[in-house]
Amino acid sequence: MLMWYTKSTSTGTYTQRPTPSSYKLDLEDLDNKTYRSIATGNMIDTVVSKNWSKIQFSYNHMSDTEVHTLLEVLKANPIYAKVIDPMYSNGYIEAEFRCSKKSLEMLEDHSYKLSFNLVQKKKVTGQW
């Protein structure tokens, strides 16, 4: 399955990225000055926008070269990416992201486990 692509800012072309071992999509709402009433405990909130994507990828048994290639991609800010997301009618979100967390673990066979997330930076068409 084709899970995600990144777009070059210089050429505008997409590069297919390897399919992760696991993929998790969180959709978060953004609010402004949310608080709980000290009298009732009710949440008082103003929702600014809904369904912002935070996507988590994990890759098992990667070589040094494969890890290096993905870490180079994750250095960019923003990362222009097209990622599978069933919330959208075409099945993908195409947006600006940034990588806010990376984790690298050496496994017993001296290959690597690489985990990271992509956090959506700007609202896109079709987002609630």
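## The nonpolar core

In this predicted model, the largest nonpolar core brings together 24 residues. Trp 4, Phe 57, Val 83, Phe 97, Phe 116 and Leu 118 are the ones with the most contacts inside it. Two or more core residues come from each of these elements: strand E6 (47-62), helix H1 (64-74), strand E7 (79-84), strand E8 (92-98) and strand E10 (112-120).

Leaving aside residues up to four places away in sequence, Phe 57 touches Trp 4, Val 83, Phe 116 and Leu 118, among others. Its contacts also include Pro 20, Ser 22, Tyr 23, Leu 114 and Ser 115.

## The largest pocket

Now let us turn to empty space. Rolling a probe the size of a water molecule over the atoms shows where such space is left. Here the largest pocket has a volume of about 180 Å³, and 13 residues line it. Gln 56, Phe 57, Ser 115, Phe 116 and Asn 117 lie nearest its centre, and Phe 57 and Phe 116 are also among the residues with the most contacts inside the core.

Strand E3 (22-31), E6, strand E9 (102-106) and E10 each give two or more residues to the lining of this pocket. E6 gives the most, with four residues.

Most residues other than glycine have a negative phi, and most peptide bonds are trans. A few places in this chain are worth a look with that in mind. The peptide bond from Asn 77 to Pro 78 is cis, with omega near 10°; Pro 78 sits in the loop between H1 and E7.

Two histidines have a positive phi. For His 61, in strand E6, the value is about 60°. For His 110, in the loop between E9 and E10, phi is near 70°. His 61 counts as exposed because its relative accessibility is 51%, and His 110 counts as exposed because its value is 57%.

## An exposed loop residue

Finally, find Ser 89 in the loop between E7 and E8. Is this residue buried or exposed? Ser 89 has 86% relative accessibility, so it counts as exposed. Ser 89 and Met 3 are 86 residues apart along the chain, and their C-alpha atoms are separated by 16 Å.

Methods: Residues numbered from 1 in each chain as written. Predicted model: local features only at pLDDT ≥ 70, side-chain atom pairs only at ≥ 80, totals over all residues. Heavy atoms only, no water. Core = buried A, V, L, I, M, F, W, Y, C linked by side-chain atoms within 4.5 Å. Buried < 20%, exposed > 50% of the residue type's maximum accessible area, 1.4 Å probe, protein only. Contact = heavy atoms within 4.5 Å. 1 Å grid on protein atoms, 1.4 Å probe; cavity = no way out; pocket = protein on both sides within 12 Å on 5 of 7 lines; lining within 4 Å. Points joined across faces, edges and corners; volume = space filled by probe spheres on them.
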